[in-house]
Amino acid sequence: GAVMGVPCGDARDALFAQQHDLPVVDIYNKTEKVLVNSGKFSGMTYSEAAKEITKEARSLACGGHSSVRYRFSDWLISRQRYWGAPVPIVHCPKCGAVPVPDEDLPVTLPENVSFVEKG
């Protein structure tokens with residue numbers, strides 16, 4: 001089913017609209033970076049419109065509470081200090097990926113690492 005109800009901005013909603021022959025109305029002008037086809041919010045930037053829509057929802061008592069949600073799908077990797085941090089796995093030519101033996105843990109990170117190189 002539809003996820004956000006915005007088929008012009010969400011791939012899952014676009015697929016839903018396509019499957020059900022629903023019209024898709026563009027609401028954002030990427031060249032001018034403003035909303036279009038959005039009633040009184042047309043001509044506003046995304047952030048301006050978000051603030052005004054939140055205010056309006058609050059005044060109509062139908063929501064109006066903004067929040068930020070961060071979604072990390074893999075906490076372990078997202079907490080690495082930098083890409084290439086050692087993972088306690090050894091790649092053995094015979095056995096493939098093998099955990100580092102307990103007596104060799106913890107694997108220590110290199111001390112002199114440059115964070116300015118391009119990846």
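Start with Arg12 and Asp10, whose side chains meet in a salt bridge at 2.9 Å, N to O. The term here means a side-chain nitrogen of Lys or Arg within 4 Å of a carboxyl oxygen of Asp or Glu. Asp10 is buried at 8% relative accessibility, whereas Arg12 is partly exposed at 48%. For those labels, buried is under 20% relative accessible area, exposed is over 50%, and partly exposed is in between (1.4 Å probe, protein chains only).

A word on what you're looking at: this is a predicted model, where local features need pLDDT of at least 70 and side-chain atom pairs count only at pLDDT 80 or more, while totals for chains, interfaces and linings use all residues. Residues are numbered from 1 along each chain as its sequence is written, and side-chain values use heavy atoms, with hydrogens and water left out.

How many salt bridges does the structure hold? There are three. Another one pairs Lys40 with Glu56, with the closest N and O atoms 2.5 Å apart. Lys40 sits in the loop between strand S2 (34-35) and helix H2 (46-59) and Glu56 sits in helix H2, so this pair ties together parts that are 16 residues apart in sequence. Helices (H or I, at least four residues) and strands (E, at least two) are DSSP runs, numbered from the N terminus. Lys40 is exposed, at 58% relative accessible area, and Glu56 is partly exposed, at 27%.

Stay on helix H2 for Glu52 and Lys55, which both lie there, three residues apart, about one turn of the helix. Their side chains meet in a salt bridge at 3.2 Å, N to O. Both ends count as partly exposed, Glu52 at 30% relative accessibility and Lys55 at 47%.

The largest pocket has a volume of about 480 Å³. A pocket is an open set of points on a 1 Å grid over the protein atoms alone, with protein on both sides within 12 Å along at least five of seven lines, and lining residues have an atom within 4 Å of a point. The volume is the space filled by probe spheres set on the points, which are joined across faces, edges and corners.

Definitions and conventions. On a 1 Å grid over the protein atoms alone, a cavity is a set of points where a 1.4 Å probe fits but cannot get out, and a pocket is an open set with protein on both sides within 12 Å along at least five of seven lines; lining residues have an atom within 4 Å of a point.
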